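Please read them with the coordinates open.

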Amino acid sequence: MNKKEAFMSALRNDKPPKWMGHAFDAFHNEVVFGPAGPELLFHAVIDPISNWDVLQFSGECYKDLWGVTHRYIVGVDPGILPLTNKENQVIKDMEHWRDYVKFPEIPKDLDWSYAQAQCKAAHERGELVMVPSFRGLFERFHSLRAFECVMEDFILYPDECMEFFDAYTDWKLETIKLLIDNLDFDIFHSHDDLGAKSKLFFSPQIYRDMFKPRYKKLYDYCHSRGILVQHHCDCYIEPFAIDFAEIGIDMWQGALPTNDIVKIQKELDEKGLNMLLMGGLEAAIVDNEYATEEEIRAEVRRAIDTYGPGGHFLPCIGSINCLYPKNEEIAVDEMNRYGAEWIKKQQA
C-alpha cells in the first residue's frame, strides 16, 4: 500500500485501521517563496489566484486588493496579519456595506503554467494534490470590518451580514470554478478559522444561519466536480463540529485537543457520518521554542493513543506547519514511527 492509498484508507475510516502517521505524508509539498526567498513548506500547490489575491503582498503596513490594511514581515510574522480597526476598516457602516466593498475582478490573464506543471509532476509521483483558498467567509468579513464591530453586526444587522456572505460566496465560487477548470488536483483546502483556542467567537446558531448553508453551496460544487474538501480551522468548534460533516467536509484540518475529539468521533459514528479529523496535537507543547524532543514525541504518542481508537483520525500540526522547523521534524518523525507501531498493535 503506497502513501496515497494509505491516506485514502484513513479517509474512508477503514476498520480495522490500515495506517496511522503524519496526515500530510502523502501530499505534495511546495516551498512558498516571498520577497526574501523561501519562507515555508506548504502541503499544497500554490495557485495564481492565491498569489494574486493574498500572497503577493508583504510589508509592515500595506493595503491589499480589497483595501484592507495588513502587516506581514517575512521571517518575523507567523502569517499575514490584518490590522483592521474602527479607523481604517473598509466597511464603515454595515447597513450600507455595498457602498464600501469592491469585489476585485479576477484577471483573465493569470499564468497557470507553473501550477499546472506542479500538479502534473505531483500526480506522476503518486502524490495527493491540494490547492488552497485563503480568506474564508469569516476571515474576509473580519478583515473588512473591525472585529468588535463584526460581533455586534451578527446581532444588530443579521440580514446585512447574510447579504454580504451571499455575495462573497458567489465570488468565492467563481474562484473555485477557475481552479478546477485550470488545475488537475484532488483536494480543495478551504481556510477559515471560526473560533479561538478554547472558546467560540459566536454561537452555534450564528454558524448555522450564516455560514453553514453558504459553505455547503461551495463544497457541494467541489464534490460535483470530483474534488475532496479539507477545511482548515485550528480552533475550538466542538459545538458545531458535526455540522462540518453534515455539509460534506471530508477533512477537518486543525482539530485541536481543546475540542473533545473522542466525543466528536462517537457522534460521527452514531450519526453515520464520516469526516477525517486531522490534528490532535497540543501546539503549546509541539510548537514551543523550549520544548524538548521527548516532550514533543510524548505529545504525539498521547494523541495517537487517545484518538486513534475512535477512528476518523490522523495526527498533524493544527496550524499546518510549526513555527520551529526542528520541532516539526521531530513531530513528523514520531507520527510516522509511533504510528507504524500503533498499527501493528491493532493487527496483533
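This is a predicted model: local features need pLDDT of at least 70, side-chain atom pairs count only at pLDDT 80 or more; totals for chains, interfaces and linings use all residues.

1. The disulfide count is zero. Take Cys149. Its sulfur lies 11 Å from the closest cysteine sulfur, that of Cys161, which is too far for a bond. The cut-off for a disulfide is 2.5 Å. Cys149 is also buried, at 6% relative accessibility.

2. Cys322 is likewise in no disulfide. For this residue the nearest cysteine sulfur belongs to Cys316, 10 Å away. Cys322 has a relative accessible area of 9%, so it counts as buried.

3. Helix H11 covers residues 293-307, 15 residues in total. At 1.5 Å a residue it should span 21 Å. Its end C-alpha atoms are 21 Å apart, which agrees.

4. Which residues of H11 are buried? They are Ile296, Arg297, Glu299, Val300, Ala303, Ile304 and Tyr307. Down the axis of H11, the buried residues fall within an arc of 155°, so they line one face of the helix. An α-helix has 3.6 residues a turn, so residues three or four places apart point the same way.

5. The buried residues of H11 pack against several elements. The helices are H9 (261-270), H10 (283-286) and H12 (325-347). The strands are S10 (276-280) and S11 (313-316).

6. Pro17 sits in the loop between helix H1 (3-11) and strand S1 (30-34). Pro17 is partly exposed, at 26% relative accessibility. Leaving aside residues up to four places away in sequence, Pro17 touches Trp342, Ile343, Gln346 and Gln347.

Notes
Residues are numbered from 1 along each chain as its sequence is written. Side-chain values use heavy atoms; hydrogens and water are left out. Buried means under 20% relative accessible area, exposed over 50%, partly exposed in between (1.4 Å probe, protein chains only). Helices (H or I, at least four residues) and strands (E, at least two) are DSSP runs, numbered from the N terminus. The expected span of a helix is 1.5 Å times one less than its number of residues. The arc is that of the directions from the helix axis to the C-beta atoms. Contact means heavy atoms within 4.5 Å.
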